[in-house]
Amino acid sequence: MIDSHAHLISADVERYPPSPLSGELEPGALDNPVTVERLLALMDEQGVERALAVQRAHLYGFNNAYVCDAAALHPDRLRALCMVNALDPDIRKQVRHWVGERGAVGIRMTEPSKGSDPS
């Protein structure tokens with residue numbers, strides 16, 4: 001069994017500081033974090049073998065470091081899916097960084113704010 005959309009939140013806000021796309025952190029967003037360790041324990045309890053760790057843009061913006069670091073620490077169980085800014089004129093650089101350098105298996109293009117025009 002594979003979890004195709006697992007969100008992670010680090011308890012280490014100094015190493016992985018919040019940087020929400022909206023500019024404001026949702027109240028309680030860090031109160032009960034699903035860290036990589038907690039996710040793996042929950043997966044074990046439920047018989048889930050692997051997961052795709054998906055970046056939480058409303059919490060970390062386009063900084064995909066935590067999902068990439070988590071996947072690198074547990075390559076037998078996790079893969080990373082990163083968020084990139086669809087409006088960045090140098091989006092190829094973002095993709096090369098997160099996929100080519102940091103090992104993500106995929107990207108998700110999103111707008112930096114609701115209602116942006118990515119056309």
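**The salt bridges and their surroundings**

Reply: Arg-77 has a relative accessible area of 17%, so it counts as buried, the cut-off being under 20%. This is a value from a predicted model, as are the others that follow.

Another salt bridge joins Asp-69 to Arg-102, with 2.2 Å between the closest N and O atoms. Asp-69 belongs to helix α3, while Arg-102 sits in the loop between α4 (residues 91-101) and β4 (residues 106-110), so here too the linked parts are 33 residues apart in sequence. Arg-102 has a relative accessible area of 27% and is therefore partly exposed. Asp-69 is buried, since its relative accessible area is 18%.

Asp-69 also pairs with Arg-15, where the closest N and O atoms are 3.7 Å apart. This pair links distant parts of the chain: Arg-15 is in the loop between β1 and α1, Asp-69 is in helix α3 (residues 65-73), and 54 residues separate them. Arg-15 is exposed, with a relative accessible area of 57%, the threshold for that class being over 50%. Asp-69 forms a salt bridge with Arg-102, and salt bridges that share partners join Arg-15, Asp-69 and Arg-102 into one network.

The helix that carries Asp-69 deserves a look of its own. Helix α3 is mostly covered, with seven of its nine residues buried. Those buried residues are Ala-65, Tyr-66, Val-67, Cys-68, Asp-69, Ala-70 and Ala-71. They pack against α1, β2 (residues 50-54), β3 and α4. Asp-69 is thus listed among the buried residues of this helix, yet it is bridged to the exposed Arg-15 and to the partly exposed Arg-102.

Leaving aside neighbours within four places in sequence, Thr-35 is in contact with Leu-8, Ile-9, Ala-11 and Tyr-66. With a relative accessible area of 14%, Thr-35 is buried.

Ala-6 is found in strand β1 and is buried, its relative accessible area being 4%. Not counting residues up to four places away in sequence, Ala-6 touches Leu-39, Ala-51, Leu-52, Ala-53 and Val-54. Ala-6 and Leu-52 are 46 residues apart along the chain, but their C-alpha atoms are separated by 5.9 Å.

Val-84 lies in strand β3, and at 0% relative accessibility it counts as buried. Apart from residues up to four places away in sequence, Val-84 touches Phe-62, Ile-91, Gln-94, Trp-98, Ile-107, Arg-108, Met-109 and Thr-110.

Now the whole. The protein has four helices and four strands, which run β-α-β-α-α-β-α-β from the N terminus on. Its radius of gyration is 14 Å, close to the 14 Å that the globule rule gives for 119 residues, so the protein is as compact as a globular protein of that length. The C-alpha atoms fill a box of roughly 45 × 35 × 25 Å along the principal axes. Buried residues make up 36% of the 119.

Among contacts with a separation of 6 or more, 73% are between residues 24 or more positions apart. The protein exposes about 7100 Å², and carbon and sulfur atoms supply 51% of that area. As for charge, there are 12 positive and 17 negative side chains, and the centres of the two sets lie 6 Å apart.

Definitions and conventions. Residues numbered from 1 in each chain as written. Predicted model: local features only at pLDDT ≥ 70, side-chain atom pairs only at ≥ 80, totals over all residues. Heavy atoms only, no water. Buried < 20%, exposed > 50% of the residue type's maximum accessible area, 1.4 Å probe, protein only. Contact = heavy atoms within 4.5 Å. Salt bridge = Lys/Arg side-chain N within 4 Å of Asp/Glu carboxyl O. Helix = DSSP H or I, 4+ residues; strand = E, 2+ residues; numbered from the N terminus. Rg over C-alpha atoms; globule rule 2.2 N^0.38 Å. Areas by Shrake-Rupley, 256 points an atom, 1.4 Å probe, with all protein chains shown as cover. Lys, Arg positive; Asp, Glu negative; His and termini not counted. Charge placed at Lys NZ, Arg CZ, Asp CG, Glu CD.
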